[in-house]
Amino acid sequence: MSDPQNPQSNPDNFLQGEPSPEELEAAQAANEADALAAAAAEIAALQAKNAELNDQYLRAQADVQNARRRADEEVSKGRKFAIESFAESLLPVLDSLEAGLAHKDATPEQISEGAEATLRQLKSALERNKVIEIAPAAGAKFDPHQHQAISVVPAEGQEANTIVSVLQKGYTIAERVLRPALVTVSAPS
């Protein structure tokens, strides 16, 4: 039967004693296999996450490029058609001038009346497009941002650096000086 002195002949001793080198090697191989499987699963998860983030990045890049392209197109259209409404508001003025020139037998009064009506149309079209005239009154303070002094003249009873007369009206467009008013300015006494 079994010999109590021989541990291999007694199955109870075999289970209770130190593990054999083969058992240790098998256990280590199993642990390594489990660790390897866990690492492979983690690598696969990280690769999937990397692919997802790469896809999101590429989509974001495409969105940015599309937004930039649309913005460039809008700016281009804005520049191209910026004066469309301005030109449209000037067409009635053009029509009035052509109609006035078509009347060959008009009297001087009719011509003068037509010219005044056309001038009112032109001023209205300019104002609708934010082109406002600069026509300072005599005695107004000289403003170098809106006026250009052509000459300095002595003016009795008028403060120094005030406008004596306007030689040519100026204009602003959207609060920016398009052309300064040409003025004469009073000299210091």
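This is a predicted model: local features need pLDDT of at least 70, side-chain atom pairs count only at pLDDT 80 or more; totals for chains, interfaces and linings use all residues.

Biologist: Great, let's start with the helices. How do the axes of α3 and α4 cross?

Modeller: They cross at roughly 180 degrees and come within 9 Å. Angles over 145 degrees count as roughly antiparallel, so α3 is roughly antiparallel to α4.

Biologist: Nice. Which residues in α3 meet α4?

Modeller: On the α3 side they are F86, S89, L90, P92, V93, S96 and L97. Their partners in α4 are T118, Q121, L122, A125, L126 and R128.

Biologist: And how do the residues of that contact divide by class?

Modeller: There are 8 nonpolar residues, 4 polar ones and 1 charged.

Biologist: What's the lining like by class?

Modeller: It has 6 nonpolar residues, 6 polar residues and 1 charged residue.

Biologist: Now the strands, please. In what order do β1, β4 and β5 sit in their sheet?

Modeller: The order is β1-β4-β5, in an open sheet with antiparallel pairing. The edges are β1 (131-134) and β5 (176-179), each of which pairs on one side only. From one strand to the next, the twist averages 35 degrees.

Biologist: How many bridges join β4 to β5?

Modeller: There are 3, with β4 spanning residues 170-173 and the two strands running antiparallel. If you want a spot to look at on screen, I173 stands opposite R176 in β5.

Biologist: What about the sheet with β2, β3 and β6: what is the pairing there?

Modeller: That one is mixed, and it is an open sheet of 3 strands in the order β2-β6-β3. Neighbouring strands are turned by 30 degrees against each other on average, ignoring direction.

Biologist: And how do β3 and β6 run?

Modeller: Those two run antiparallel, joined by 4 bridges, and β6 covers residues 181-186.

Biologist: Which residue stands opposite I163?

Modeller: That is V185 in β6.

Technical notes: Residues are numbered from 1 along each chain as its sequence is written. Side-chain values use heavy atoms; hydrogens and water are left out. Ala, Val, Leu, Ile, Met, Phe, Trp, Tyr, Cys and Pro count as nonpolar, Asp, Glu, Lys and Arg as charged, and the others, Gly among them, as polar. Two strands pair if DSSP finds at least two bridges between them. Axes are lines fitted to C-alpha atoms, for helices over the stretch in contact, and angles run from 0 to 180 degrees between N-to-C directions. Angles under 35 degrees count as roughly parallel, over 145 as roughly antiparallel, 65 to 115 as roughly perpendicular and the rest as oblique. Contact means heavy atoms within 4.5 Å.
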